[in-house]
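Work through the following exercises with the sequence and the model at hand. Each task is followed by a solution in steps.

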Amino acid sequence: MMATLFNLDLITARLMDSARQRAGELARRGVTPALALLSVGADEPSRLYISRKVENCRDAGIHVDAHDLPPTIGQAALLEHIARLNADPLYHGVMVQLPLPPHLDARAICRAIAVHKDVDGLHPYNIMALHDATPGIIACTVRGIAHILARVHPDLAGLKVTIIGRGELVGLPAALLLGGRSVHGNADVTVVHSRSRNIADSTRQADIVIAAAGVPGMLTPGMLRPGATVIGVGMTWHDGRMTGDLSADMAMHDGWITPPAESFGGMTRMMLLHNTLDVAATNV
């Protein structure tokens with residue numbers, strides 16, 4: 001048997017069409033969705049991500065301002081910058097491109113963004129709300145995962161989900177959402193990580209496996225049960241190219257999978273657009 005691939009290009013294209021329609025409807029009602037995107041001393045991968053986010057926003061009809069701040073900016077100055085954007089009625093969303101330089105406290109920076117403008121979904125309030133029946137703003141990558149899973153698993157109740165990776169960008173919020181009380185949840189979730197003794201023991205029992213470890217090719221067909229759905233989101237930047245967590249031979253797995261060599265970044269960016277549009281819609 002061969003894997004059935006999710007067509008990420010088609011899914012993202014449809015999400016972009018939907019974003020354009022939503023932005024157009026808001027514009028006709030006198031609202032211009034707007035995003036402030038901050039970066040600090042962005043490295044090459046971050047500059048690439050930022051340029052794609054800016055391009056996608058403009059394509060959708062969302063006003064976007066990219067604030068490229070110097071790498072020497074201090075914590076207090078950055079917090080002041082965020083406070084000004086929080087108070088600026090022009091912007092519906094504010095986000096900071098991660099990672100930040102090591103002298104800055106990324107957690108404090110994420111907490112400083114106003115909850116209602118946190119379109120990246122990384123404020124602790126929005127993270128913890130993922131467990132509720134009605135989540136707040138869902139972290140972009142996790143919203144993308146939920147969107148894809150709904151195509152083949154419209155009801156996750158009682159399904160076994162193994163998440164590889166416990167990071168605050170994907171692993172933690174994904175566990176809270178998929179194991180929570182909302183329409184995206186009610187699954188039995190197991191989280192494994194780099195210090196787990198035998199990851200394959202968990203993945204072989206799972207109906208759904210989400211790979212968010214950032215370890216190239218670490219998930220192989222032999223670690224899965226037949227028919228399991230696999231979502232690969234972990235990517236590693238190496239020698240000028242991105243490499244995913246799914247092994248190249250994952251195409252031999254009998255089940256739905258995301259393409260092993262394809263980045264999940266397009267889905268993440270589409271959900272950034274829709275999070276921004278959700279916030280803007282509350283201003284109508």
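The model is predicted: local features need pLDDT of at least 70, side-chain atom pairs count only at pLDDT 80 or more, and totals for chains, interfaces and linings use all residues. Residues are numbered from 1 along each chain as its sequence is written, and side-chain values use heavy atoms, with hydrogens and water left out.

**Exercise 1.** Determine which residues of H2 are buried and how they are placed around the axis.

*Solution.* Buried means under 20% relative accessible area, exposed over 50%, and partly exposed in between (1.4 Å probe, protein chains only). The buried residues of H2 are Pro 45, Ser 46, Ile 50, Lys 53, Val 54, Asn 56, Cys 57 and Ala 60. They cover an arc of only 165° around the axis, which puts them on the same side of H2. Glu 55 and Arg 58, on the other side, are exposed.

**Exercise 2.** Identify the residues that touch the most other members of the largest nonpolar core.

*Solution.* A nonpolar core is a set of buried Ala, Val, Leu, Ile, Met, Phe, Trp, Tyr and Cys residues joined through side-chain atoms within 4.5 Å. The largest one has 58 residues, of which Ile 210 and Ile 231 touch the most other members. Helix H9 (265–281) is among the elements that each supply at least two residues of this core; H9 gives the most, with 8 residues.

**Exercise 3.** Locate the salt bridge of Arg 20 and Asp 59, then state how exposed each partner is.

*Solution.* A salt bridge is a side-chain nitrogen of Lys or Arg within 4 Å of a carboxyl oxygen of Asp or Glu. The side chains of Arg 20 and Asp 59 meet at 3.0 Å, N to O. Arg 20 lies in helix H1 and Asp 59 in helix H2, 39 residues apart. Arg 20 is partly exposed at 34% relative accessibility, and Asp 59 is partly exposed at 39%. A network of salt bridges links Asp 17, Arg 20 and Asp 59.

Methods:
Helix = DSSP H or I, 4+ residues; strand = E, 2+ residues; numbered from the N terminus. Arc of directions from axis to C-beta.
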